[in-house]
Amino acid sequence: MRRSDGALVIRWTLLVALSGCAGGGGGDETTPVTTALDDTWLGELRADPDRFTAWVEADREGFALLQQHRLEEAALRDGVPGLRAKRELSALYGQLARLQDLAYDGVLAESSARDAPISPAALLFAALNQHDKDDAARPAEAPHAPLTIPFPAPLARAAEPIGQRLAAHHAARDARDVGNLWALATTPLWSVPLGSGERHLYDPLFYRTVQLALAVDAPAEGPQALVFSGCLTPKDAQAEAQAPMDTPELGCALAALARLGLASPADADDPQSASDLVAALDAALDPWLRATLASGDPGARELFGDLRLVERTRARWLLAFARADLHGNRPRRALTFARLAVDLSAPREVSPVNHPGLFVTMAEAQARSGYHREALDALAPLSLHRPDLVGLRELLGDWAILVGLDRHGESKEN
Amino acid sequence: MSLVMTPLLLAALAAPAVAGSLRYAEDSAPAIVNPLYATTMAEARVNELLFGGLYADDRDLRATPLIAEGATLNTAADELRVTVRPGLTWHDGKPVTARDVAFTVETLQDPKTLSTEAGRVDWVQSVSVVNDREVVFKLKRPDPQAIEKLFFKILPAHAFASRPVTRADTFRTKPVGSGPYRLARFGDDNSITFAANPSYPKALGVSEIVMREVSDKSYQAKLLLYESLEALVRVLPRDLAVLQKSRKVELYPYQTNSWWYIGFNLNAAPFDDERVRQALACMTDVPSLLAPIGTGQTLSGPFVRSSPYYNHDVPPWPNDATRAAELMKSAGFTKVGEYWSRDGQALTVTVSAHKTLESAQEVVINLQSQWRSAGVKVDVEFLDEAAWKARIWRQHDYDVVLAQWSFDRNEDVREQLHSSGARNFGGYKNAEVDALLDSARASRDPAARKADLRKVHAIVHDDAPMIFLWSLDSYSAVSTKVRDVVVHPFAYFSFVSDWKMP
C-alpha cells in the first residue's frame, strides 16, 4: 500500500462523520505498553495504518455502515459487510425474541400472583408466542406444528388474520427474507375495545422471524472478517464461526483476555468481579492506546482516535461477556458488563461504540434482576427510534405496571 | 471540563478522608431531617440512611421485611397483622416496638401534622397495638397485597417532644432512627456526618458517611476526580464523558424518572387563563434551554419518554411566535411597544427557581431572554430551601417556578395533578383528569391504566398547568474505592449496607 493512500483514510473518517476523541484518560502513564496486541488486526493497523484502506476498499460504504452499527442498511449490501450485518442483526433479534419471551412469562406470572385478571386477547397472544417458540425449536427437517391454540368467542374473528400472519412468518423464515413483515410489525395485529379506546396487540412472531431469516454463515476468513469485530486474529474468528449464534464473539472476547494475561470471568453472579475485570482490561488497553495516539503517525491517530477502534473493540468484548452472563443466569454481572461498555458521550444513541445489542442486553439484565421499569429505560434508545419494537415496549410496560401495581408511588423534588 | 481548581476551594473542601469514610455531594443540604416532611430527593436520601420501613426492597426490588419480622393478612384481606423484628433498637438504644409503628401511622394520618407523606397510609382505617411486637392494621378496603404498602419510614414515639408533631419539633435536629447509620453531627458548613449504627443487624462495610453540600455540579465532579469526594449523587450529562474517562470512577444509572417543568400558579392571574399559559409555552424554545445542560429528551407531558404512560401521539408545544400572539390576543392582551399588555399593565412574570437546582441559573436566564424577546417582562429569583418551602409550597406566593419532579418506578403523578394532591401547589383542577387519575389508581389492568394515564398526558398538555421541558440522563458517579455498589433506582442508599470501603 502506498503512503499516499493515507488520504483515503482521512476521506474515510469524513465519510463516517465521527466525533469525539480517544478515551483512556486515567491510569498510570508509566505502565508498560503491552505487546500482546501486536499480532492482531489492531496491532497490524497500528504498525501500518494504510492497510485499513485495502481491507475496506471492496465496500467502503458497507464497512462505514457496519462501523456505525447501522445494521439494517449494512445488511442490504452484498459481500462481507452485508453478511456480517445479517449475523449481527440475527443475534440482536434473537435477543429481542428472548426478552419478549421473558416479558410474556413475567406478565402471566405477575397477573396471577397479583390477582390482576389478564384479558383474553393478551392471553391469546401469549399462547401464540409460546406456540411459535416451541415450533421454532423443532428439528429443522420437521414440519411446522399446526396452530391449535383456542380462540375464545370474542376473538374468533382473529383466527383468520393470525393464521395468515403465522403462515407469512413461516414463509419468510423458509425463504430467508423478512420482506414486508418489517412494516407489518409496527402496527397492531389485532385490537379489541378497551373502555373508550382500544387495546392493541402486536405481532409476537416478528423478532424470531428476523432472527431465523438472517442467520447466515460467517464470512470467509481474512482481514475483512476481522476489522471492527471483537475477534483479534483469524484463528479466533475461525473458532467463533463454529460457536453458537446466541453468544456472539464470546470465544473471541475470552481469547482476548487470555492474550492480555487476564483470567476469564468466574461463574458467580458478582457485579464487583465484572468491575474488577474491566479495570484490569483498561489497565492493559489504556497505555497501548495512549502510545498509539502519541506515535505521531497521522494515520494511526485517525484510525485509533477518530474511529475509536480500541474503545469499540473493548465494548464488543464486554457485550459478549454480558450476553454470556445472561445465558448463564448471571443478570447482575451482565448488567455491570453492559453498563461499563456504554459510551456515555452519547448514552442514548447507537454509535460506533454503542452496539444496539448493548441496550437489549441491559434491558434483559434489568428485567431479570427485578428492575422491570428500568428495563424500559434501557431499551428506550432503540425502541424510540425503531417502530418494530412497539409491541415489546408495550409488553414490558405491562410487566412493569403489574410489578408495581400494589405499591404506593413516591415522588420528590429535584 | 477543566481540572483546574482554585487553591481556596481545595483547601475548603478537600478535608482528609477518614478510613472507611464515604463523602458524597448534594447540591443542597436537606432542609429537614424528618421523614414526615421530606419533599426533596436530598431529604429522601438522608432518610434512607437513618430510618427503616417495616418492609423494604431487596436487591431484586421485591418487598422484604426490614423492621417487620413478617406480616399476615386475614382471609378477608382487610386486616394485616405485623410483627416487629425482635431485638431491634433505635439509635439511642431503646427498643423498636409496635407502639412506634402505631405512632407513625397515626402521626402521618393526623391532619394537624401537615405531613407531605400522609398519602402513604391513606389505605389504613385504623391501627392498634396488640403487644410490644404486634400491631394490627385495619384496612379501608380488602387488599391482598397490603404488605407492598409498608415501606413508609417508622419513627420512634419517644423521640418527639410535642403532640401533634410539627415541622419545628426538635426531632429535626436530633433525629433518631433504626437505619444503618445514625446521625453523628451537623457541620458548620452544612455537612452532615453519619456513623455506622453498631446495633444494625448487618455488619456495615462503610464506617462513616458524610454528606457535603456543594451547590456547583462542576465542582462536585472536580472534587470526585481529585478524590475529595467518593460519590456524586447525580452527574450533569455534560460531565458524563469526562468522568467516564477517569479510571478512578464508575458511573451508575440512577434512574429516577425525573422531569423538569415550568409550573404556573393557577390561582394567580393571568396564569389562571390557559391561553396565557399556552402562549408562554409557544414562546419557549425548549431545545435551546436544554442545550447548555447537555443531552436529554424533551417532553410533552408529565412522564419521561420511556414511561409506559407517555403518550407518544402528543407533540411538545411548538416554539411558534405567531401562535403565541394569537393566544395572547384571544386572552385580551395587545402589544404595546415591545410588551404584551392588558388593562394598561404590561405582562410581567417572576420566574422562581430553587437556587441549587442543577443548572437552573442558566436555564432561567435563557428563559428570561426568550420570553422578553417575545414581549413578556421577566424577573427572576432564586430561593433557598426555606424560602422555597414557605413561598411555593405553603403560601403559593409565586407566578412561575422552574423545578424538577422525580418519581419512583410507579410514576404516580396523582399528587401533582389531582385537585386533592399534596404536591399540587400550582392549584391545577380538572374534573376529567381527577376521574382518570382515580380510575388509573383503581385499575388492575395494565392496558387500562396506560390508557387512562395517556389521556391524562394529553389533557394536561393542552391545559398547560406546566410546560413540560425535559428529562436528563441520570447517572451517579462513585469512586472505584467503594466496592459492591448497587444504587437503588429511586432511594439511592437503600442498599448502602452492602457497600464496602477498605
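Author: Two strands pair if DSSP finds at least two bridges between them. Strands (E, at least two residues) and helices (H or I, at least four) are DSSP runs, numbered from the N terminus. This is a predicted model: local features need pLDDT of at least 70, side-chain atom pairs count only at pLDDT 80 or more, and totals for chains, interfaces and linings use all residues. Residues are numbered from 1 along each chain as its sequence is written, and chains are lettered from A in the order in which they are written.

Reader: What makes E3 of chain A and E20(B) a pair?

Author: Three bridges join strand E3 (residues 411-413) of chain A to E20(B), in the antiparallel sense. The definition asks for at least two. In E20(B), Phe407(B) is the bridge partner of Ser411(A).

Reader: Which residues are in contact, and how many does each chain give?

Author: Contact needs C-beta atoms, placed from the backbone, within 7 Å. Chain B gives 57 residues and chain A gives 47. H13(B) supplies the largest share of chain B's side, six residues.

Reader: Why is strand E23 of chain B called largely enclosed?

Author: A residue is buried if 20 or more other C-beta atoms lie within 10 Å of its own, exposed if 12 or fewer, and partly exposed in between. Four of the five residues of E23(B) (475-479) are buried, so the rest of the structure largely encloses this strand.

Reader: Which strand do five bridges join to E23(B)?

Author: E12(B), running antiparallel to E23(B). Tyr252(B) stands opposite Ser476(B) there. Strand E11 (residues 231-235) of chain B also pairs with E23(B), antiparallel, over three bridges. Leu232(B) has Ala477(B) as its bridge partner.

Note on methods. Contact = placed C-beta atoms within 7 Å.
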